[in-house]
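I opened this entry to keep track of what I looked up, and in which order.

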Amino acid sequence: MAEEISVDKTLSDSEIYENLLPQLISLLNIDEPLISGLSNVTAAFKMAFDKISWVGFYFAKDDTLFLGPFQGKTACTRIKIGTGVCGQSALKQETIIVQNVHEFTGHIACDGGSNSEIVVPIIKNGKTLAVFDLDSYSFSSFNEIDKFYLEKFCVILTDKLNWDNFIIA
Ligand code: SME
């Protein structure tokens, strides 16, 4: 099976999403461990978008988010649900776009170079399973285009990967 993904970085963001997501979705396999699929997702996003400095997942368990597969600098391993951008997205079950993280009350700076961020919750049967977090060293890197494609993609992730037997010990 070919795992290679190719993306023309000279395209617009929406064209990159249109190009990237079908390739990525075809790599996802419900019979493989969740962690394997999500790891490839982070690698593909980091490769496809120069604007992304960090991309990864945090898994929800009880009142805490735990660091999952990611690409970028080392990051905080746990975030209380309700705190930071990730924790608020998990709690409110909505996407949060932050144009300037320094103006977001409670923002958790895992990488001091980060200036903007988008966090998309992954929800199944009303329950927050995880959040998908993308950071950028530039201000205002994420907008409604990112929200549109990332939200659609996160819904697909709930169907195309097996979240049922995934255990955070
Ligand atoms: N900035 C996030 C924390 C996670 S790191 O960006 C990887 C937040 O405020 O929730």
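I looked up the largest cavity and noted a volume of about 160 Å³, in a model that is predicted. When I counted cavities of 30 Å³ or more, I found that the structure holds 1. I wrote down the general idea behind such a search, which is that rolling a probe the size of a water molecule over the atoms shows where empty space is left.

Which residues are the closest to the centre of the largest cavity? Of the 20 residues that line the cavity, I listed Ile-108, Cys-110, Glu-117, Asp-133 and Asp-135 as the closest to its centre. I then asked which elements give two or more residues to this lining, and they are strand 1, helix 3 (84–92) and strand 6. Helix 3 gives the most, with 4 residues. Sorting the lining of the largest cavity by class, I recorded 9 nonpolar, 6 polar and 5 charged residues.

My next entry concerns the largest pocket, for which I noted a volume of about 240 Å³. It is lined by 13 residues, and those closest to its centre are Ala-60, Lys-127, Leu-129, Trp-163 and Phe-166. Two elements came up as giving two or more residues to the pocket lining, namely strand 1 (54–61) and strand 6 (127–136). By class, I found 7 nonpolar, 2 polar and 4 charged residues in the lining of this pocket.

I then stepped back to the chain, in which I counted 4 helices and 6 strands. Reading along the sequence, I wrote the pattern down as α-α-β-β-β-α-β-β-β-α.

How many residues does the chain have, and what radius of gyration would a compact globule of that length have? The chain has 169 residues, so a compact globule would have a radius of gyration near 15 Å, and the 15 Å of the chain agrees with that. Along the principal axes, I noted that the C-alpha trace spans about 45 × 40 × 25 Å.

I also looked up how much of the chain is covered, and buried residues make up 46% of the 169 residues. The accessible surface of the chain comes to about 8,300 Å², and 51% of this belongs to carbon and sulfur atoms. For the contacts with a separation of 6 or more, I recorded that 53% are between residues 24 or more positions apart.

Is Glu-4 buried or exposed? I put Glu-4 down as exposed, because its relative accessible area is 74% and the cut-off for exposed is over 50%. I also noted that the C-alpha atoms of Glu-4 and Leu-27 are separated by 9.2 Å, with the two residues 23 apart along the chain.

Looking at backbone angles, I found that phi of Gln-93 is near 60°, a positive value in a residue other than glycine. Gln-93 lies in the loop between helix 3 and strand 4 (96–98), and I noted it as partly exposed, with a relative accessible area of 32%.

For Asn-125, phi is near 50°, which is again a positive value in a residue other than glycine. I placed Asn-125 in the loop between strand 5 (116–124) and strand 6, and with a relative accessible area of 79% Asn-125 is exposed.

Methods: Residues are numbered from 1 along each chain as its sequence is written. This is a predicted model: local features need pLDDT of at least 70, side-chain atom pairs count only at pLDDT 80 or more; totals for chains, interfaces and linings use all residues. Side-chain values use heavy atoms; hydrogens and water are left out. On a 1 Å grid over the protein atoms alone, a cavity is a set of points where a 1.4 Å probe fits but cannot get out, and a pocket is an open set with protein on both sides within 12 Å along at least five of seven lines; lining residues have an atom within 4 Å of a point. Grid points are joined across faces, edges and corners, and a volume is the space filled by probe spheres set on the points. Ala, Val, Leu, Ile, Met, Phe, Trp, Tyr, Cys and Pro count as nonpolar, Asp, Glu, Lys and Arg as charged, and the others, Gly among them, as polar. The radius of gyration is taken over C-alpha atoms; the globule rule is 2.2 Å times the number of residues to the power 0.38. Buried means under 20% relative accessible area, exposed over 50%, partly exposed in between (1.4 Å probe, protein chains only). Contact means heavy atoms within 4.5 Å. Accessible areas come from the Shrake-Rupley method with a 1.4 Å probe; for residues, only the protein chains shown count as cover.
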